[in-house]
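Dear colleague,

I am handing over the structure below for your reference.

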Amino acid sequence: MGNETKDHAALAEAFIRDEERVDWHDGALWWIRQKRDIASRQIPEWEALREAASRIKSHVLSNLHDYLLEFEANATRNGIRVHWAADAAEHNAIVYSILKEKGIRQMVKSKSMLTEECHLNEYLIERGVDVINSDLGEYIQQLDNEPPSHIVLPCIHKRKEEIGEIFHEHLGTEKGVSDPTTLTRFARRHLRDVFITRRAALTGVNFAVAETGEYIVCTNEGNADMGAHLSEVQIASMGIEKIVPKKAHMGIFLRLLARSATGQPITIYSSHFKKPREGQEMHLILVDMGRSRQLGRPEFRDSLKCIKCGACMNTCPVYRKSGGLSYHNTISGPIGAILAPNLDMKKHADLPFASTLCGSCSNVCPVKINIHDQLYQWRQVIVKEGYAAHTKVLGMKAMAWTFSSPGSFSTLGKAGRWVLNNIPVAVNNRFNPWFRQRDMPEGPKESFSEWYARNHRPGGAVDPAPKASSDLQSIQPE
Amino acid sequence: MNVALFLPCYVDQFYPQVGISTLQLLEKLGCTVTYPLNQTCCGQPMANSGFEKLAQDCNELFVKNFAGFDAVVCPSGSCTLHVKDHLHSHDREGDAQQIRSHIYELTEFLTDVLKVERLPARFMHKVGLHQSCHGQRGLHLSQMSELVAPPFSKPEKLLTMVEGLELIALDRKDECCGFGGTFCVFEEAVSSRMGIDRVEDHVRNGAEVLTGGDMSCLMHLEGIVRRKKLPVRVMHIAEILNQD
Ligand code: SF4
């Protein structure tokens, strides 16, 4: 909030200026939300699945230490080299050292929000390693030098014409071509070359099974597999919260994930990686990066249950109207708004306020994270820590004083009404954000309290009052 | 039944007819209604802005005003939810607890406590119902579209008792309107855009009257309706249920 140009409200306002873009952005995401509704209703035990998933995750978070060690032991036994990274710097250095040892200067990477958070691409490129994102949406965002705006649909905020323009500029497609199939075919040909020539492939991790030491990567494009199967060095980066105890639990999580994310019954590729091929090296990096700190915050620890399905973004009306980039954080939307303050409270102090607390997110969430309650709780923490915008503090103090003393409240009310009734321009001006796109309520002649004091007779009976809203003819807009 | 009427501060100040309709409706249905004159606000605007701590004086005043009734009834889901979830007192926690468990939003009070099955109301119009989120998802006044669970709706049940009233279907039946307390000014652009989209859903589907249980959302939507001069009237559900 300190940096006015970067806060959510300002970035959202800029996004909203393009009304047509908001129309289809909102429409496209709502369509996915509806697909999710249809898919979830095909499973009668949907709510029980959510509950089970949520409880498994609770159990994992309470026993994370043990499950991580169990996973490490089993993965190591399988031949995976397991590394531990406390933060982005350590993570990036590990990736670089693996590549350097092999003399590899080119890597292909499938979707991984964690490596986005770590700014791995920038780090490697600075050191002379070329990285190409192989998820089509992430690839487009990379070409355009923008972070992903959505964790599942990284370039959902872009029109196909804009994507055509990016392809023309960077890949030399014909100018004006924006047909998605044509562009996808082109990208595919281009990426095929990348897959074949890259010796190293990095993937994200959706789930890691403690019991077996394997990890699961879900993609619709098969790009993670393509990279991994052709690579000589395979690296997986995972947040420490991605553990599930048993392989059998995947029956719950995979059903929830695809339906919540896109309304599909199953993700096209749910690939289990357990051990390296002959002659291949397989590395896995367990990354903390603020997660153990979040685990230590009782009111926010459940945010670590997230399986990154994106459903809370698709359902969030604020997200749909304001676009993912307005959250100025790798993970955007409601879940981003409860994760980001843990990473940098000052920088992300605005995000928990970028919500109406409508609660839709918490109720679509497949692992039942109480997202909107956590948004409320973050607001309390941010104010307590002194990161709320100054003006908000003053306004609220005045409000608390007014509402806690009945005398001043009714005086202010009358004064406020007098202003409304008599000099509307004093309130209805551009300094009042309410008035920009909304009329003020008409000030009535008397408040309810005044009416009540005038009409109420002891014993409960009151004079019949003239109904303020009697006949509909009077309502036609002037 | 001895009922205390709790009105959100902005209803008292800007929408007295909503308070009057609520009071008359409750009396019509046989309640003895008291309106504690010293009431101000439940403290929600502060708490939702992160200033829960500042709201403590409001809480104490609230307990003083509303202790000892059979029920506290409020024509706002949002304020009701806030009191239910957050009302605490230093010296009178027992009273605060009693209030928390006996405060009802108007429509749930009618359907669940008074068990109203018919209403002497008549309203010959096409009506669109705006489900305010705190009432719906917080107090479970209606089933939410996110869950795989059987549908129900307390406000709809009451509206269908009104003679002549035709409830219209919306494209998005429970999308937030974007009011959100101080969100409506701090995130003005998003708030307005959300409100515009909600209002247009009602207009597109032929609503003559847009109603709901929370005047705060309705004040925001009405502001948009009037600015855009749209052919729809905004009324609180108490006003409709009190029509005869
Ligand atoms: S918070 Fe829940 S709904 Fe949002 S991305 Fe994570 S799992 Fe999905």
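The C-alpha centres of domain 1 and domain 2 of chain B lie 22 Å apart; the bounds of these domains, 2-113 and 126-241, come from an automatic or database domain assignment. This is a predicted model, in which local features need pLDDT of at least 70 and side-chain atom pairs count only at pLDDT 80 or more, while totals for chains, interfaces and linings use all residues. Residues are numbered from 1 along each chain as its sequence is written, and chains are lettered from A and ligands numbered from 1 in the order in which they are written.

Domain 1 of chain B gives 26 residues to the contact and domain 2 of chain B gives 22, two residues being in contact if their C-beta atoms, placed from the backbone, lie within 7 Å. Among the elements giving two or more residues to the domain 1 side are helix H2 (16-28) and helix H5 (77-86) of chain B. Helices (H or I, at least four residues) and strands (E, at least two) are DSSP runs, numbered from the N terminus.

Chain B also holds an open sheet of four parallel strands in the order E2-E1-E3-E4, where two strands pair if DSSP finds at least two bridges between them. Its edge strands are E2 (32-34) and E4 (103-105) of chain B. Strand E1 (residues 2-5) of chain B pairs with E2(B) over three bridges, and B:Asn2 stands opposite B:Thr32 in E2(B).

Yours sincerely
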